[in-house]
Amino acid sequence: MKKIAVFTSGGDAPGMNACVRAVVRAALYNGLEVVGIRRGYKGMADADFIPMESHSVSDIIGLGGTILKSARFDEFRDIEWRKKAYENCVKEGIDGLVAIGGNGTFTGAKLLMENFGIPTIGCPGTIDNDLYGTDYTIGFDTAVNTALDAIDKIRDTAASHDRVFFVEVMGRDAGFIAMQSGIGGGAEDILVPEIPDTIDEVIDNLKKGGYKEKPSHIIVVAEGEEIGNANFIAQKAKEALPNLDIRVSNLGHIQRGGSPSAIDRILASRMGIAAVEGLIAGKSNVMAGIIDDKVAYTSFDDAINKKKPLDVELNKMVEILNS
Ligand code: F6P
């Protein structure tokens with residue numbers, strides 16, 4: 001292996017830059033040439049390659065977003081686009097790839113590998129933390145802290161007005177951000193897709209949750225909650241409990257931005273180095289994750305298809321902490 005490429009793809013996550021930096025520096029350390037691909041698979045299909053030197057990644061460890069930019073590129077499902085991307089990689093002399101992203105990114109990498117045999121290792125980068133094969137994904141810790149900061153602020157205004165707030169946090173199909181930011185923010189209830197809930201339970205909980213005695217009441221709702229989104233649930237609660245002063249706050253994309261936390265910078269650096277070392281050792285079609293504080297390589301198949309369980313015992317904590 002002489003030359004590798006690194007790219008970020010799908011939803012950006014704080015810490016992706018720290019990972020790009022680690023990949024570039026680890027490649028150079030091991031005597032490899034390295035290029036960046038801008039805008040993920042779109043850039044690969046457009047031959048948007050940029051040479052990366054050590055100084056190309058100076059001062060980016062603390063930057064949010066991704067200097068390589070990102071894109072969601074559905075066209076990559078089509079083999080013709082993958083062929084074009086592969087041919088561009090061959091022309092550029094690339095013989096290994098490091099893909100930083102989530103589920104969709106690894107699906108693209110797996111197909112590219114299966115079709116054309118280009119060795120690829122993934123680094124799990126998504127705020128959702130929904131990838132099997134790693135305890136945490138790059139960006140999750142920062143996103144949780146951003147959500148927590150917002151919940152603390154909402155608590156101030158909620159308590160001042162004796163209000164009930166439904167706070168929606170990101171997590172397309174997973175409740176990791178909701179669970180952790182909810183526990184950290186002292187939420188009175190947390191609704192996540194991994195745990196079945198009903199509107200009646202939410203309302204009963206509001207009734208028995210002592211909202212009359214408490215100055216504020218915060219219910220954190222994961223974006224992927226099966227009952228519906230925070231607006232829908234709040235509407236149902238208003239209909240059932242018209243005397244309550246209910247508001248909704250959707251935290252949205254602020255959770256994707258900002259300077260990565262120390263945990264994310266270190267996690268991203270470890271994963272980036274592990275990806276390069278894995279490629280050099282002949283690994284491919286795997287994700288470089290961290291399990292029990294040790295590097296662990298998990299097949300793309302498992303990372304994509306196996307469901308990472310949410311510790312539902314955490315929900316018990318919410319009950320205990322609200323008694
Ligand atoms: O996967 C990360 C994520 O932020 C999800 O939590 C969210 O559902 C999705 O991306 C939003 O994607 P986009 O920015 O493309 O709308």
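The legends below describe close-up views of a predicted model of a protein with its ligand.

**View 1. The two domains of the protein.** The domain assignment divides the protein into domain 1 (3–139 + 260–305) and domain 2 (142–256). Where the two domains meet, the contact takes 14 residues from domain 1 and 11 residues from domain 2. Taken over C-alpha atoms, the centres of domain 1 and domain 2 are separated by 34 Å.

**View 2. The position of the ligand.** The ligand takes up the space of the largest pocket. Domain 1 (3–139 + 260–305) and domain 2 (142–256) both contribute residues to the shell around the ligand, and therefore the ligand lies between them.

**View 3. The shell around the ligand.** The residues around the ligand are Arg72, Thr126, Ile127, Asp128, Met170, Gly171, Arg172, Glu223, His253 and Arg256. Sorted by class, this shell consists of five charged, three polar and two nonpolar residues.

**View 4. Polar side chains at the oxygen atoms of the ligand.** In the side chain of Arg72, an N or O atom is 2.7 Å from an oxygen atom of the ligand. For Asp128, an N or O atom of the side chain is likewise 2.7 Å from an oxygen atom of the ligand. His253 places a polar side-chain atom 2.8 Å from an oxygen atom of the ligand. On its own, the ligand has 400 Å² of accessible area, of which the protein covers 77%.

Note on methods
Residues numbered from 1 in each chain as written. Predicted model: local features only at pLDDT ≥ 70, side-chain atom pairs only at ≥ 80, totals over all residues. Heavy atoms only, no water. Near = heavy atom within 4 Å. Polar contact = N/O pair within 3.5 Å; in protein donor to acceptor, adjacent residues only side chain to side chain. Areas by Shrake-Rupley, 256 points an atom, 1.4 Å probe, with all protein chains shown as cover. 1 Å grid on protein atoms, 1.4 Å probe; cavity = no way out; pocket = protein on both sides within 12 Å on 5 of 7 lines; lining within 4 Å. Sits in = over half its atoms within 2 Å of the grid points. Nonpolar A, V, L, I, M, F, W, Y, C, P; charged D, E, K, R; others polar. Domains from an automatic or database assignment. Contact = heavy atoms within 4.5 Å.
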